[in-house]
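User: Hi! I have a structure open here and would like to talk it through. Could you help me get my bearings?

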Amino acid sequence: MVNYILRRLLLLIPTVFFALSFLFLLFFVLPGDPAELIAGGGDRAVNPIRLEQVNEQYGLDDPLPTQFVNYWKRTLQWDLGQSYSTGRSVNEILGDKAINSLRLGFWAILIEITVGIAVGLISAIRRYSLIDKLTTVGTAGVSAIPVFVLGFVFQYMFAVYPNLHDWPEWATLRTSQIGPPGSGNGDWFLFFLPVGEQWRYLILPAVTLACVSTALAARMTRGSMLEVLRADYMRTAKAKGLGERAIISRHGLRNAMLPVVTLIGLDLGAVIGAAVLTETVFSWPGLGSTIADSVLSRDLPVLLGLTLVVVLAYSLINLIVDVSYAWFDPRIRLGADAES
Amino acid sequence: MTHIPTGADPTDPNAAGHEVGGGHGGMGDVPELQAARPLRVDVWRRFKENRLAVIGLFFIGFLILVAIFADVIAPYSFTERPGSETGAFRQGPSKDFWFGTDSIGRDVFSRIVYGARVSLRIGIVATTIALVIGLFFGAIAGFFGGFVETMIMRVTDIFLAIPYIVLAVAVAAVFGRSENAIILVLGLTGWLGVARIVRSSFLQLKQLEYVEAATALGYSRSRIMFRHILPNALQPIIVYGTIAIGTTILAEAALSFLGVGPQDPTPAWGLMVAQGKGDLANAAHLVFFPGAAIGLTVLSFVLVGDGLRDALDPRLK
């Protein structure tokens, strides 16, 4: 097991290196000179003196290999550079945005686990019932609607519409942003719990982000539970005279959860992707919306810095999922042939 | 791929090979059993039983007709601005404009009808590109193994480590915003999953006896790979490909929404949602109709894909 983990961690190094290098080099194919972008900003004419300063400051005049080496030297010292468009340190930006993304992600995943698994279980146990049919159609529908459309629909239903029709204040949710301006982090208790006004800003993006993965979790739980219900040991348990509740919770649920745990881990990639869209829709100042902005504004240091963190987190969680899978189910061997 | 649900073709050489999975293969000398039916008859029979999948198939057929006859169906072209003459901007659905008008007076219904062309073209062509690339690399990796396999799988690891949306947006920023560029972007980023599926089918299939037999008969490796293994590895790919058309359309909508998809006069549904987002309070139909078009289309492809999977392999049910 230790060997396996070490080997995976070692493999992570070239994977992250090449992934980031790919994005780095990709940006040199892009039309437009980043130095002009920084010096000019928008459509203004570029002052040649300023242009030279910028080139000097960011080393944009250096040949590509030099820039490439410098980038990795800096990155290895955890200096992620400065934003091209605002001049802020990327390390600082990362600190700001990552917290918000973690908060949003925490609630979304909480919803995914609780609602998704519960719905999946119910529809597996009551197979072919109305609830089951609704779940099947509903989960397929939710995963077919684009996340951003879902976000706008929720905005309209719970924020815009109540506002237009003068609903009482307490029944109106907020469409965007992250909380009363100027109140800072005081709006969160123990980091994750929204306090006061904050919950109104959190609910819609959290539910939107949760939707797609909740649907997936429900489908997965249903399928996995149906399989377990057919297993021999379930029949044995029934023959022993155990009550239905005990059979399902003690024998069924525990075995059905394995693939679901993996899914929730692997699904993180989808959550990150959905987060880019959800955060953009709700102007939630997290990693996702900042990454999307950085691509559009050609802000290479921000893109690379934040993507580095996302890629690292994603790969580490995948590793944890693989290891925990073997932990739960001793029949699974980790190693060369378990890789596929 | 497209001919699966249609009628029987008893001469189909592939059918006999598939019959094992279907379990309906008849023995010629047992009178009460029918002669071997080709796979597609069985598949179609089982597919028909899945009501949702049939509805999805009908919707896709409807959509294809809409795309072909867009010029006939749409009352206006997608650039025309009939609303600007009467001052009908951001107007809700009415008798003249079924789905309302947008911020510069264009007819939303016409734009959605023309948008079916954009979505289907992007979805189908990009998925085909992804399937071809993925089949090629997956087949090579699974068949040859060793160093080649390691290299190909490491490359897919690298790209799969970048969250898909980030990868697609970054590549799209390089390729530009024309429709063909988007097709390339989605095709070039979509093959990773296909390659992994094809590789694992090849790994399984190449251990089977008939491959051993073919090797013993002295057939060349490429013949074994393409004539013997590939046809049997196609089933999961057909299912994956059908669903992938839906998810590709979804990805295209996301790229349009983030501002790296097709540009303005193009009636891409995702772009229409993005353009309407500012008017949510006074013209929600600008988001609703294109959003519903995307949702229904993607849902149809997913349902048909699910239905095909169940029909192709009844043991899964």
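**Finding our way around**

Analyst: Happy to! In chain A, 35% of the 340 residues are buried. Keep in mind that this is a predicted model.

User: Thanks. How many helices and strands does chain A have?

Analyst: Chain A contains 13 helices and two strands.

User: And what share of the chain A contacts with a separation of 6 or more comes from residues 24 or more positions apart?

Analyst: Those pairs account for 70% of them.

User: Let's switch to chain B. How do the axes of helix H6 and helix H13 sit relative to each other?

Analyst: In chain B, the axes of H6 (residues 108-144) and H13 (residues 285-312) come within 11 Å and cross at roughly 30°. That angle is under 35 degrees, so H6(B) counts as roughly parallel to H13(B). The crossing of H6(B) past H13(B) is right-handed.

User: Which residues meet there?

Analyst: From H6(B), Val108(B), Ile112(B), Gly115(B) and Ser119(B) take part. On the H13(B) side they meet His285(B), Leu286(B), Phe289(B), Pro290(B), Ala293(B) and Thr297(B).

User: What classes do the residues in that contact of H6(B) with H13(B) fall into?

Analyst: Six are nonpolar, four are polar and none is charged.

User: New topic: is helix H10 of chain B largely in the open or buried?

Analyst: H10(B), residues 209-216, lies largely in the open, because zero of its eight residues are buried.

Terms used:
Residues are numbered from 1 along each chain as its sequence is written. Chains are lettered from A and ligands numbered from 1 in the order in which they are written. This is a predicted model: local features need pLDDT of at least 70, side-chain atom pairs count only at pLDDT 80 or more; totals for chains, interfaces and linings use all residues. A residue is buried if 20 or more other C-beta atoms lie within 10 Å of its own, exposed if 12 or fewer, and partly exposed in between; C-beta atoms are placed from the backbone. Helices (H or I, at least four residues) and strands (E, at least two) are DSSP runs, numbered from the N terminus. Axes are lines fitted to C-alpha atoms, for helices over the stretch in contact, and angles run from 0 to 180 degrees between N-to-C directions. Angles under 35 degrees count as roughly parallel, over 145 as roughly antiparallel, 65 to 115 as roughly perpendicular and the rest as oblique. A crossing is left-handed if the near helix is turned anticlockwise from the far one by less than a right angle, and right-handed if clockwise. Two residues are in contact if their C-beta atoms, placed from the backbone, lie within 7 Å. Ala, Val, Leu, Ile, Met, Phe, Trp, Tyr, Cys and Pro count as nonpolar, Asp, Glu, Lys and Arg as charged, and the others, Gly among them, as polar.
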